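Look at the model below. Then read on for a metal site and a sheet with its helices.

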Amino acid sequence: MTRKRLGLKFYGIVQGVGFRPFIYRTARARNLAGFVKNLSDSVLVEIEGDESAIEHFLDSLDTHLPPLAVIERATRKELPLQQDTTFKIEASEKSAAIPVHISPDIATCDDCLAELFDPDDRRYLYPFINCTNCGPRFTIIYDIPYDRENTTMAVFEMCEACRKEYEDPLNRRFHAEPIACPHCGPRLALLNRDGTGIKTQDPLAQCAERLARGEILAIKGLGGFHLAADATRADVVAKLRERKRRGEKAFALMVRNLEDIEKIAHVGETEWEILTSPQCPIVLLRKKRNRIIADNVAPGLAAYGIMLPYTPLHHLLLDKIPYLIMTSGNQRDEPICIANREALTNLGGIADAFLTHDRGIRLRCDDSIAMSLNGKMTILRRSRGFAPAPLKLHKKFDPPVLALGAHLKNTICLLKDDFAFLSPHIGDLETPKARDYLRQSIRLMEKITETTPGIVACDLHPSYFTHRLAEDLAGERNIPWINVQHHHAHVVSCMAEKGIKDYVIGFSFDGTGYGLDGKIWGGETLIADTKNFERVYHLRNFPLAGGERAIQEPWRIGLALLMDSLPEDWEGNAVKLGLAEPGALAPVASVLQKRLNTVEASSMGRLFDGVSAILGCRKVISYEGQGAMELEAICQKSTGVSLHFSRSGNEFDYRPLIRDIVDLKLSGESAGKIAYAFHRAIADLVRDTAQRIRDERKLDRVVLTGGCFQNKILTELSSRLLRSEGFTVLAHENIPCNDGGISLGQAVIAAEKGEWNGNGR
Ligand code: ZN
Ligand code: ZN
Ligand code: FE
């Protein structure tokens with residue numbers, strides 16, 4: 001037997017996730033000596049013993065890692081023997097700044113769940129049960145290091161039983177910072193709208209009863225309040241819509257278990273995996289015809305957004321009522337409420353009562369949203385469960401960058417060395433509260449990632465709030481400030497996710513982004529790398545009458561498309577199609593003709609809106625993207641109808657396509673078949689364009705990005721056509737293809753440019 005001693009260092013998410021106890025147990029089981037210890041940036045292990053035992057030890061690092069631990073990198077070297085006889089967990093060095101990488105919040109694990117429903121367990125039915133493998137993390141942190149005194153759990157003094165578990169390296173709750181039990185931990189309370197307590201032995205049972213009676217409850221969760229309501233009753237859903245002033249936008253559902261989900265939606269293999277993952281996001285699932293969920297939960301759409309319970313409180317509640325609407329507890333366009341008083345003030349007009357508790361939420365975190373695209377989990381909103389886990393980049397950058405993201409679906413990104421940290425979803429920056437939340441997120445993210453940015457990046461749009469904020473921050477901190485074009489940022493966001501830096505063909509299709517020419521872009525084909533881009537093709541421009549109003553009333557876009565495509569007879573066709581009341585047509589047409597109060601757009605998202613209006617699917621919308629989403633929902637696959645764009649110069653010309661759509665519609669063809677042919681025409685356009693560029697430029701990697709690629713039919717068709725021609729398709733998975741992913745692209749572009757400037761060229 002040969003005796004050996006190895007020094008190992010592990011980098012990544014390795015602190016606060018049960019990594020040290022795992023090392024301790026594994027070493028002891030193999031009769032190895034040495035120690036494990038947290039350092040400021042890593043975990044240090046020294047291990048001594050029989051060589052083959054050490055080999056086995058190393059193998060189990062690959063196979064038995066705790067579920068939350070992520071080893072990004074490890075180093076290893078041989079050391080002289082010390083003749084240790086035991087294996088120990090050594091205290092962290094005093095100066096050790098614990099995790100550079102803080103774990104996201106994680107759904108209740110199976111072990112905790114079993115205890116929760118075990119009458120003999122001391123945490124039986126305790127709504128705050130957790131362990132090192134699950135529970136709150138990111139949302140309860142004030143500061144690093146991640147120790148209990150730096151979390152909102154600091155105010156709860158551990159009882160003796162909890163402390164024993166917390167200090168026992170062999171216990172599942174060894175150093176589980178949010179450890180708690182019914183004796184020493186947080187408690188529930190049920191409140192009236194005015195904040196007065198409702199006397200009850202069992203707030204949770206009361207809450208469930210009230211929900212079953214049709215009341216709307218505000219419920220404090222992991223990353224903020226939800227508004228909960230019985231999803232099976234149309235009258236309750238209508239009441240919630242009215243009080244929340246929410247037109248037709250779908251509500252997310254929380255459903256008790258997979259069996260109950262399968263009664264209302266189709267669950268494929270990938271979707272099953274996403275639903276039950278530790279991140280537990282909302283998953284978009286194709287509806288089944290059912291008589292369970294009220295029709296007004298997700299009107300006009302093909303899918304529901306569904307999640308499983310992810311906190312012990314949710315499990316206990318859903319055990320009593322299987323189908324709940326669980327929508328963000330906020331007023332329109334404002335951030336989700338996290339504090340009890342804030343919730344009472346802001347949600348008092350919506351909720352009938354409040355189920356709250358005394359464990360503070362420090363950081364807001366909305367529910368994440370994901371779907372299966374091309375058979376892969378694809379994140380559409382990256383928030384709870386994912387933030388602030390970093391993304392590894394293809395190389396190290398210096399100096400660090402702060403990128404402020406887009407105006408809608410805002411997130412920020414901090415780039416440091418070879419990691420990018422994206423904030424949770426911040427939202428649309430339309431209200432002062434949302435803007436305050438953005439400022440607050442910048443401070444918090446800088447603190448927990450210990451980053452001092454040397455560059456600030458933002459969108460090119462001169463009137464965006466983020467643009468002005470970037471200018472202010474750059475001034476205050478005396479650092480440079482870099483503007484990044486929106487669609488370039490989309491493409492690079494996808495490239496960064498895939499670790500690619502060299503030229504690609506990028507299709508950046510979305511609703512709105514400020515172009516280099518001051519017009520609205522959104523149907524763009526770029527040749528781009530992480531520094532520069534060239535706009536090689538784009539959708540033909542069309543005017544948006546009344547700017548923002550055209551977005552709210554897509555029939556205005558439909559009219560603009562008709563006038564451009566059928567200049568001789570747009571009026572007769574508009575009337576025949578019933579595009580708008582005849583009286584409404586003329587004034588808008590005259591605005592369009594004179595180009596008064598109009599903006600030019602080459603936006604694919606707006607083309608979807610316009611086609612949706614022409615087909616009679618959506619003439620007026622009540623939320624962003626509704627026209628496109630409903631157009632996708634009515635699609636009927638058919639090969640009988642085909643549509644085509646033409647190409648003139650570097651423009652995709654939609655006019656022949658619009659003329660054909662009008663003819664087909666007026667000759668009685670079904671809107672569903674035409675809608676499908678429209679999707680197919682865009683996918684054909686993507687393939688043909690990529691082929692042309694490949695012929696000229698010898699590029700064969702294609703990025704699909706921008707909000708339009710949340711459309712399952714479009715993304716899967718385009719990917720299939722491209723692959724069949726031998727292209728490598730790069731589609732988003734980890735980072736949203738919509739504006740939620742923009743901050744990453746901005747950060748990488750700014751970092752590349754910053755380095756370039758730094759080199760003095
Ligand atoms: Zn657990
Ligand atoms: Zn306790
Ligand atoms: Fe965009």
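This report covers the metal site and then the sheet.

The model is predicted: local features need pLDDT of at least 70, side-chain atom pairs count only at pLDDT 80 or more, and totals for chains, interfaces and linings use all residues. Residues are numbered from 1 along each chain as its sequence is written, chains are lettered from A and ligands numbered from 1 in written order, and side-chain values use heavy atoms, without hydrogens and water.

**Metal site**

Cys159, Cys162, Cys181 and Cys184 coordinate the zinc ion (ligand 2) through their SG atoms, at 2.2 to 2.3 Å. Donors are N, O and S atoms within 2.8 Å of the metal (3.2 Å for Na, K and Ca); water is not among the atoms, so sites may look incomplete. The donors follow the spacing C-x2-C-x18-C-x2-C. Cys159 and Cys184 are both buried (under 20% relative accessible area, 1.4 Å probe, protein chains only).

**Sheet**

Four strands form an open, mixed sheet in the order S17-S16-S18-S19. Strands are DSSP runs of E with at least two residues, and helices are runs of H or I with at least four, numbered from the N terminus. Two strands pair if DSSP finds at least two bridges between them. Strands S17 and S19 stand at the edges with a single partner each, so one side of each has no neighbour in the sheet. Strands S16 and S18 run parallel, joined by three bridges.

| Helix | Residues | Angle |
|---|---|---|
| H12 | 465–477 | about 165° with S18 |
| H13 | 486–498 | about 140° to S16 |

Angles run from 0 to 180 degrees between N-to-C directions, with axes fitted to C-alpha atoms, for helices over the stretch in contact. Contact means heavy atoms within 4.5 Å.

Notes. Buried means under 20% relative accessible area, exposed over 50%, partly exposed in between (1.4 Å probe, protein chains only).
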